[in-house]
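Please look through the sequence and the structure shown below before reading on. The report that follows takes up aromatic rings, charges over rings and a pocket.

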Amino acid sequence: MTDVQLILSAQQGDMKAFEELVCRYDRQVLNIARSFKNNDDDAKDIYQEVFMRVYKGLKNFEFKSEFSTWLFRIATNVCITHQSRRRGHESLDREFDYEDDKSTVADFIAGESRTDSSTIGADIMAHINKAVEKLPPQQKMVFVLKYFQEYKIREIAQIMNCKEGAVKKYLFIATNKLRDHLKNVF
Amino acid sequence: MNREKFIEMSYLYILNELTPTEKEDFEKILESDEDYKTEFGEINNFYSLIDSGRQGQNDERLLAESRMKLMRNIRIEQEKESLWGNIKNLFYSYFVRNYRMALSGAVTAAFGIFIGYLIFAPSGKSPSSAQYGEISAAGILTRNDVDISNVRLPDSIPANGEIEINFEAVKPLSIKGNVNDPMVRKLLALVLTSESNPGERLRSVSAIAGSGSSSSISDPKIKQALLSALKNDSNPAVRREALTALSKMNPDADTRDAFLSVLAHDNNAGLRVAAINALSELKEKGITFDSPAKEILLNKSETDKNSFVRLQAASILND
């Protein structure tokens, strides 16, 4: 069945059709949430919120865009607002992080006890994730969708409901910030 | 081209976001300028580093847990919606359609309250809610089978010594009965869909599967719980038992679709084998396969990692 057929059935209350729609796209939603939050519990919360919004909003879906675009737009909005909600609680920690965190990936690599390559790989990942975490939500979302989920800039613009130029700008600023943060690695 | 523009073009070049013409122009610039070439090398190194930070794929357990929780949340939402719908219907039928009846009912109720007030109104001070609370709490505290938890005391004790203590009292209950009893069935279905302990879910689904009675499985609530467990439970043993239980019931399109869903989405080869065998049995019992079902079978006959599944899918299609 096509997405359109499934949506029409789901709009009539067919739960099997709704489940099929969920199964088609929920991996990608969970992937986006995990890349964005870097935390399984947060990703699970986002997953629930996204699909509950889809469940409630599907009756009013008017096929003005692709279902997947609409779904991923909800997913990115939920990720960003989830981030914003947590920011209030984390603001003090974040300030502390910025001021206190002078370590670099090079420091990790140079550490005497960290000679195992997989440990070093994990440390690099942790450091990259930490740097990504510090980006403002919109820049972070563009970065995650582009680098970790490999969407095209055109697709990101559709998902985030903005112009391609804006996506390029976010990407440029985010990448420059990350390069700056990780420059001691090179 | 200034440096900032060059950096932006480098990002887009590496990310394969330039048009062929832009790409060609960029490569020419890169070849002609050693400084740009060095900077491009640094940017490339940065991208290699980012590549190592890519997240792995979702683990299936996380996905299955999320799906199951979602279906549970949706069921709760549907119950809320239907409750609200019933209240609205009730309101409509009594207060809009039968407004005369509603009006007379309201007048009678008001008259009854007035008479009740005249008869039972206390002459002195009415007992405070705290006193009622003490009476019921005292009753609970004399029982040995009630667990007390989440006790909350006030921060300070007032001079008159009067304090309010809040707590939760939980009483364990048990039900004894046949698997085919409606109440036991309802409880088993509830355990299967809401219990977080996979062992309990497995025991619940085994009880349903082992009851040997098709009537218990044909109960719509049990059937819905089994279908949901088969498609969404994170534990393969629970999914397997749910499949066995569903195989025992009268074949229909719902079970066929659930088996097809397992065949299409389940990562566990053992479950896919069980699903394809169950589908084969359904076919023998006269269940037909529509074109989307055939499409799944065709796809599995060509792409499934398990050779038995491939063969069996092809055999169902060819029969």
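## Aromatic rings and a pocket

Trp70(A) is buried, with a relative accessible area of 18%, where buried means under 20% relative accessible area, exposed means over 50% and partly exposed lies in between, for a 1.4 Å probe and protein chains only. This is a predicted model, in which local features need pLDDT of at least 70 and side-chain atom pairs count only at pLDDT 80 or more, while totals for chains, interfaces and linings use all residues. Residues are numbered from 1 along each chain as its sequence is written, chains are lettered from A and ligands numbered from 1 in the order in which they are written, and side-chain values use heavy atoms, with hydrogens and water left out.

A pair of aromatic rings is described by the distance of the centres and the angle of the planes. Rings of Phe, Tyr and Trp (its six-membered ring) pair if their centres lie within 6.5 Å, and planes under 30 degrees apart count as stacked, over 60 as edge-to-face and the rest as tilted. Over all chains, this rule gives a count of 20 aromatic pairs. Two of these pairs are set out here.

| Pair | Centre to centre | Between the planes | Kind |
|---|---|---|---|
| Tyr25(A) and Phe72(A) | 6.2 Å | 80° | edge-to-face |
| Phe67(A) and Trp70(A) | 5.9 Å | 50° | tilted |

Phe67(A) and Trp70(A), in contrast, both lie in helix α4 of chain A, 3 residues apart, which is about one turn of the helix. Phe67(A) is buried, with a relative accessible area of 4%. One aromatic cluster includes Tyr25(A), Phe67(A), Trp70(A) and Phe72(A), and Tyr151(A) is also among its members.

A charge sits over a ring if NZ of Lys or CZ of Arg is within 6 Å of the ring centre and within 35 degrees of the ring normal. The charged end of Lys140(A) is placed over the ring of Phe36(A), 4.2 Å from its centre, and Lys59(A) lies over the face of Tyr55(A), at 5.8 Å from the ring centre.The largest pocket is lined by 33 residues, among them Glu20(A) and His265(B); on a 1 Å grid over the protein atoms alone, a pocket is an open set of points where a 1.4 Å probe fits, with protein on both sides within 12 Å along at least five of seven lines, and lining residues have an atom within 4 Å of a point.

Methods. Helices (H or I, at least four residues) and strands (E, at least two) are DSSP runs, numbered from the N terminus.
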